[in-house]
Amino acid sequence: MKIQISNLGKTFEGNLKKNIPDTVAVSEFSINIEDGELVGLLGPSGCGKSTILYMISGLKEPTTGSVYFGDEDVTDLAPEKRGIGFVFQNYALYPHLNIYKNIAFPLEDTWIKTFKQEKKIIKFCTLFSLKDRFNEVIDLINNEKRINKKISKALVIDKISFLLNIPYSYAKFLYKYFLKKDFNLEIFVLFLKENIDKEKEKIKQKGFELDDEYYLLKDGNRVPYKRKINKDEIDLKVKEVAKIVKLEDYLYRKPSEISGGQQQRVAIARALIKSPKVLLLDEPLSNLDARLRLETREEIRRIQQETKITTIFVTHDQDEAMAICDKIVVLKKGKVEQIGAPQEVYDDPKNLFTAKFLGLPPIGVFYGKLKDGYLYLNNNKVLKVDSIEDKDVFIAIRPEGYKKANKDDEFSFSLYITKVISQGRDSEVLALNPNGNDSFKIMIRNEEKYSVGENYFKVKPNKLYVFDKVTQERIYLNEREK
Ligand code: ADP
Ligand code: MG
């Protein structure tokens, strides 16, 4: 589903009596999201990320602007009519319900508009169409019993249900027959066929015909029918999403009996159960420890690519957004600073905020000036630039933007290294910020030797950015950069 958001804004009204001013949480937020894209909303706490997500979902009403899903204006549509799945930051699962029921929960009492079918004939026809796979089922039953004599009947039935992609009740039906002492496969298939014929006859007597998909026809037309979703349909759906999030083997445990990462996947499954057209994830990884966060973010990416659902993913962690998103939106105080592919925004930040927000270790920021066609870092010439107005600037250099130099080289400058940290493939050095008493990190290759003390460097021009000291907007140093 394509999403088009124009000029979205949200102001929370304050309360004069209580000295609470109005809060502009979001302003002039616009973005086009392509079908199937994974977009990351990225920014520090309080910058309006959740508010944007709530407005897209319809849980909060925007003060200005519009939201389109495809060609439909959904700005004023009720949340449950938008076809969204939402994973909240605190995705509380129901502790007393097992995983199966937690996932199924949003489906309960769902009304579906469909056409009349006869349940029995669907069952017999579905099973009949699977007759060539019955040997697999028999092997499965024998294997499971051999491996674990005590395995419960319900678990084996569940495995059959997953294997053939049929509801539990159908699988139970097969299981019951296959375990009979005098079971014979050919006779069973015949039995199914007879039942189909019997059911067809009954349907005929009621004055209906049957089409290829087992819908009843009256005068050649399907008969419209509104009803609650049934157990078999819920079962199929729960199993479909359980497979996607790899929770097949945990369905009958309570939330307290699975890991944090698995609980997170339950929350995602629950959001997927109604086949949403748009998936909204609000800091879904914030409750997980560092290792699980890495793993689970890859899982989210995989699930998103498998399901191809247009997804908006909120995080304050730039690394997370950079790792999995097709497109990131950098936000500051409710406003968009920059939108683009992660690498694009990293390589070409439009302002100091974005430059500082992306990248780990963070970019180093120094005072500098543009004068007579040169860029100065403190009093050192570090770069020749096209003629630009002389002014004071901020210089920001990525940690990988330095190379070793000699004292007498043109454009070299010295930094005081306080520590060399070897990290296997690469190393980092800590250098003192010439403008202050803090330090910053430089990434170096292992074959370049540095020692604590004065060292000389040159900058790699494509890893250096210059920003106006007042507006903090990027100043492009050369024509070709624009
Ligand atoms: P984020 O998710 O990026 O941390 P939020 O969208 O939750 O940020 O909040 C954005 C701003 O709106 C914050 O300044 C927050 O205090 C304010 N805010 C959020 N919800 C409300 C509310 N219901 N009433 C008043 N202010 C709110
Ligand atoms: Mg938030």
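Hi everyone, let's begin with ligand 1, which is surrounded by F12, T23, A25, P44, S45, G46, C47, G48, K49, S50 and T51. Please keep in mind that this is a predicted model.

What do the polar contacts look like? An oxygen atom of the ligand is 3.2 Å from a polar backbone atom of C47, and an oxygen atom is 3.0 Å from a polar backbone atom of G48. On its own the ligand has 560 Å² of accessible area, and the protein covers 61% of that.

Which elements give two or more residues to this shell? They are β2 (23-33) and α1 (49-57), and α1 gives the most, with three residues. Sorted by class, the shell has four nonpolar, six polar and one charged residues.

Now, on to the rings. Searching the whole structure turns up 24 aromatic pairs. Take F134 and F188: their pair is tilted, with 5.7 Å from centre to centre and 55° between the planes. F134 belongs to helix α4 (residues 134-147) and F188 to helix α7 (residues 185-205), so this pair ties together parts that are 54 residues apart in sequence. F134 is buried, at a relative accessible area of 0%, and F188 is buried as well, at 3%. Both belong to a cluster linked by ring pairs, together with F124, F173, Y177, F178, F183 and F191.

Last, two lysines over rings. The charged end of K60 sits over the ring of Y54, 4.7 Å from its centre. Further along, K369 lies over the face of Y376, 6.0 Å from the ring centre.

Definitions and conventions:
Residues are numbered from 1 along each chain as its sequence is written. Chains are lettered from A and ligands numbered from 1 in the order in which they are written. This is a predicted model: local features need pLDDT of at least 70, side-chain atom pairs count only at pLDDT 80 or more; totals for chains, interfaces and linings use all residues. Side-chain values use heavy atoms; hydrogens and water are left out. A residue is near a molecule or strand if one of its heavy atoms lies within 4 Å of it. A polar contact is a pair of N or O atoms within 3.5 Å; within protein, one must be able to donate a hydrogen and the other to accept it, and residues adjacent in sequence count only if both atoms are side-chain atoms. Accessible areas come from the Shrake-Rupley method with a 1.4 Å probe; for residues, only the protein chains shown count as cover. Helices (H or I, at least four residues) and strands (E, at least two) are DSSP runs, numbered from the N terminus. Ala, Val, Leu, Ile, Met, Phe, Trp, Tyr, Cys and Pro count as nonpolar, Asp, Glu, Lys and Arg as charged, and the others, Gly among them, as polar. Rings of Phe, Tyr and Trp (its six-membered ring) pair if their centres lie within 6.5 Å; planes under 30 degrees apart count as stacked, over 60 as edge-to-face and the rest as tilted. Buried means under 20% relative accessible area, exposed over 50%, partly exposed in between (1.4 Å probe, protein chains only). A charge sits over a ring if NZ of Lys or CZ of Arg is within 6 Å of the ring centre and within 35 degrees of the ring normal.
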